[in-house]
Amino acid sequence: MIKFSIVHPEKDIAAKLLLKPDDFVYDVIRVRCALDVPIVIEYMKMPIQLIPGLKKEILKKSIYAYIQNELKLKIQSAHRRICAVMPSKEEKTYLGIESTLPLLEIEQIAFLDDGRPFEYSVSRHRGDKIAFKSVSVR
């Protein structure tokens, strides 16, 4: 866990989460690992009024499991934008990158089944440690 705090959202984030500027969000930065190897750094904002009771212990496990199992909310969908970016100096340190390596950035807004957005996140994945697959249905 790099950061876990409660803040007022920036104006653009408030708009994406359908919040007022004086509402509060969890502001989370965390590194996710696979087999003890850091593979993604995640920057996340979640409205406190929709996702109450979030704790550091939950962030070390699965936030989505907490939302569905403990809060009894149904996650419906996510809108994503994917692009390649170069890591910052700090991201290189957190992800253990020593050479030039682009990251796969995924910007996401996730929605509950009633249409309310409950998460805005930007995750930056090591391109040499992860691959994404997609299935399109018509």
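A residue is called buried when its relative accessible area is under 20%, exposed when it is over 50%, and partly exposed in between, with a 1.4 Å probe and protein chains only. By this convention Asp-114 counts as partly exposed, at 45% relative accessibility. The structure is a predicted model, in which local features need pLDDT of at least 70 and side-chain atom pairs count only at pLDDT 80 or more, while totals for chains, interfaces and linings use all residues. Residues are numbered from 1 along each chain as its sequence is written, and side-chain values use heavy atoms, with hydrogens and water left out.

The overall architecture comes first. The chain contains four helices and six strands, where helices (H or I, at least four residues) and strands (E, at least two) are DSSP runs numbered from the N terminus. Their order along the sequence is β-α-β-β-α-α-β-α-β-β. The C-alpha atoms occupy a box of roughly 40 × 40 × 30 Å along the principal axes. For 138 residues, a compact globule would have a radius of gyration near 14 Å, and the value of 15 Å for the chain agrees with this; the radius is taken over C-alpha atoms, and the globule rule is 2.2 Å times the number of residues to the power 0.38.

Of the 138 residues, 39% count as buried. The accessible surface of the chain is about 8,700 Å², and 54% of it belongs to carbon and sulfur atoms; such areas come from the Shrake-Rupley method with a 1.4 Å probe, and for residues only the protein chains shown count as cover. A contact means heavy atoms within 4.5 Å. Among contacts between residues at least 6 apart in sequence, 52% join residues at least 24 apart.

The interior can be described through its nonpolar cores. A nonpolar core is a set of buried Ala, Val, Leu, Ile, Met, Phe, Trp, Tyr and Cys residues joined through side-chain atoms within 4.5 Å. The largest has 16 residues, of which Met-46, Ile-51, Leu-54, Ile-63, Ile-67 and Phe-118 touch the most other members. Two or more residues come from each of strand S2 (25-34), strand S3 (37-47), helix H2 (56-59), helix H3 (63-70) and strand S5 (103-112). Helix H3 gives the most to this core, with three residues. Apart from this core lies another, of nine residues, including Ala-14, Leu-19, Val-25 and Tyr-120. Within the largest core, Ile-51 is one of the residues touching the most other members. Leaving aside residues up to four places away in sequence, Ile-51 touches Tyr-26, Met-46, Tyr-66, Ile-67, Leu-71, Leu-73 and Phe-118.

Two loop residues show a particular backbone geometry. Most residues other than glycine have a negative phi. Leu-18, however, has a phi near 55°, a positive value, and is placed in the loop between helix H1 (11-16) and S2. Leu-18 is exposed, with a relative accessible area of 67%. Leu-35 likewise has a positive phi near 55°; this residue lies in the loop between S2 and S3. With 83% relative accessibility, Leu-35 counts as exposed.

His-79 belongs to strand S4 (residues 75-85) and counts as exposed at 51% relative accessibility. Not counting residues up to four places away in sequence, His-79 touches Glu-107, Gln-108, Ile-109 and Phe-111. The C-alpha atoms of His-79 and Phe-111 are separated by 8.4 Å, although the two residues are 32 residues apart along the chain.

Asp-114 lies in the loop between S5 and strand S6 (117-126). From Asp-114 to Leu-73 the C-alpha distance is 9.5 Å, with 41 residues of separation in sequence.

Strand S6 also holds Ser-123, which is buried at 9% relative accessibility. Beyond residues up to four places away in sequence, Ser-123 touches Val-40, Ile-41, Glu-42, Leu-104, Glu-105 and Ile-106. Ser-123 and Glu-107 are 16 residues apart in sequence, and their C-alpha atoms are 6.6 Å apart in space.
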